[in-house]
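Okay, thanks for coming, everyone.

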Amino acid sequence: MSFIKLIDLDLAGKRVLIRADLNVPVKDGKVTSDARITASMPTIEHCVKAGAKVQVMSHRGRPTEGEVDAENSMQPIAEDMSAKLGTAVRLIPDYLENAPEVADGEVVLFENVRFNAGEKKDNEELAKKYASLCDVFVMDAFGTAHRAQASTHGAGKFAPTACAGLLLADELDNLAKALANPARPMVAIVGGSKVSTKLTVLEALSEKVDQMVVGGGIANTFLKAMGNNVGKSLCEDDLVDTAKALVEKMKARGANIPIATDVVCGKEFSETAEATLKAAGDVADDDMIFDIGPDSANELADIIANAGTVVWNGPVGVFEFDQFGEGTKTVSMAIANSDCFSLAGGGDTIAAIQKYDIYDKVSYISTAGGAFLEYLEGKTLPAVAMLEECAKG
């Protein structure tokens with residue numbers, strides 16, 4: 001990937017427009033989780049220090065497009081940014097009609113881009129209006145890079161210069177390190193409830209990795225494919241043949257999908273369900289598999305200990321209930337203690353990382369959700385394609 005990076009540009013006196021991801025939860029007019037704002041600050045601060053006129057825009061929530069809706073205003077975010085910068089950040093509601101006057105080194109925040117008709121459809125007229133407000137467009141919202149919208153794609157296409165912000169460049173560099181040129185052996189851990197939602201990820205990774213660990217409900221479909229009874233467990237019967245084919249495909253090129261040899265079962269899905277350890281071949285018709293057993297978990301820990309790269313997306317059990325969390329805990333600790341380059345992403349994965357307190361032991365944590373998955377699938381992300389086009393100039 002070759003794209004222009006913000007750090008390589010001279011920004012003094014320039015009008016800079018940053019598309020950030022500031023879509024954060026708000027309650028009673030106050031931001032309740034500022035992680036995304038904090039992650040966006042280095043790019044904003046870099047532009048301030050360089051003496052640029054800094055304009056920031058983002059979406060928030062899901063308002064009806066084209067309608068102003070006080071519920072989804074960016075005002076609480078402007079207040080949070082003001083506190084972080086130690087100086088007032090003005091909220092600009094009418095920037096499309098009246099281009100704001102911004103001083104060198106000042107930061108202003110535009111009102112919610114989703115209040116603008118045509119935003120989601122990447123409307124050309126709207127994109128050109130955004131582009132006319134800047135000398136340099138900075139794409140810094142990896143979380144929306146997989147959507148071709150006016151503020152994430154069109155604006156950059158029509159801007160005089162378009163570049164990747166610090167956060168986006170960092171994310172793309174780390175993804176490339178894990179996927180384009182991985183240190184071997186490469187291990188992928190793909191968990192989740194359904195094979196169907198992760199099928200394209202599984203198929204794309206099955207071409208690349210040396211070991212593909214499947215977890216959660218996905219693993220049950222693979223257990224069944226290997227001839228095991230999975231009882232009443234979450235399982236997709238129509239994808240058993242697909243699972244078999246993936247196992248065969250990996251085997252044919254000397255790679256592997258480790259299948260659990262022991263499992264932890266319960267009779268009901270609840271916090272108080274009794275956990276029973278069983279061999280994978282001994283699951284009863286009324287059992288539900290909620291975790292892998294210690295033998296299987298230790299096998300995975302060994303695989304991770306010897307890995308050069310680990311890409312982690314999804315837990316291997318119902319870790320929210322402690323009695324079904326040991327498998328995910330063992331995997332988490334193995335990643336924390338490994339010397340490998342580890343890349344993790346997805347909401348459930350981040351929840352596990354927080355629960356087992358290994359946040360600073362994972363090499364890179366992607367907060368991007370859908371864009372992270374699409375990148376794993378090998379898809380071209382529209383915003384990234386736009387930056388590459390602009391770099392060709």
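Before I get to the annotation, one caution on terms: the UniProt positions are given in the numbering used here, and such annotations may be inferred rather than shown by experiment. Also, keep in mind that what you're looking at is a predicted model.

So, the record. An unreviewed UniProt entry carries a "binding site" annotation, and that covers Lys 198, Glu 320, Gly 346, Gly 347, Asp 348 and Thr 349.

Let me pick out two of them. Glu 320 sits in the loop between β14, residues 309-313, and α10, residues 326-337. Is Glu 320 buried, exposed or partly exposed? The relative accessible area of Glu 320 is 48%, so we call it partly exposed. Gly 347, on the other hand, belongs to helix α11, which runs over residues 347-355. Gly 347 has 57% relative accessibility, and therefore goes down as exposed.

Now the largest pocket itself. The space in there is about 480 Å³. It has 33 lining residues, and the ones closest to the centre are Gly 192, Ser 193, Gly 216, Gly 217 and Gly 317. Which elements put two or more residues into that lining? They are α7 (217-225), β13 (288-292) and α11. The top contributor is β13, with five residues.

On to the second largest pocket, at about 350 Å³. Here we have 17 lining residues, with Ala 35, Arg 36, Ile 350, Tyr 359 and Thr 367 nearest the centre. Both α1 (35-49) and α11 supply at least two residues of this lining, and α1 has the largest share, with four. By class, that's seven nonpolar, eight polar and two charged.

Last topic, cysteines. How many disulfides do we get? The count is zero. Take Cys 134: the closest cysteine sulfur is in Cys 163, 9.5 Å away, so that's too far for a bond. Cys 134 is also buried, at 1% relative accessible area. Cys 235 is in no disulfide either, its nearest cysteine sulfur being that of Cys 265 at 13 Å.

That's what I have. Over to you.

Technical notes
Residues are numbered from 1 along each chain as its sequence is written. This is a predicted model: local features need pLDDT of at least 70, side-chain atom pairs count only at pLDDT 80 or more; totals for chains, interfaces and linings use all residues. Side-chain values use heavy atoms; hydrogens and water are left out. Buried means under 20% relative accessible area, exposed over 50%, partly exposed in between (1.4 Å probe, protein chains only). A disulfide is a pair of cysteine sulfur atoms within 2.5 Å. On a 1 Å grid over the protein atoms alone, a cavity is a set of points where a 1.4 Å probe fits but cannot get out, and a pocket is an open set with protein on both sides within 12 Å along at least five of seven lines; lining residues have an atom within 4 Å of a point. Grid points are joined across faces, edges and corners, and a volume is the space filled by probe spheres set on the points. Ala, Val, Leu, Ile, Met, Phe, Trp, Tyr, Cys and Pro count as nonpolar, Asp, Glu, Lys and Arg as charged, and the others, Gly among them, as polar.
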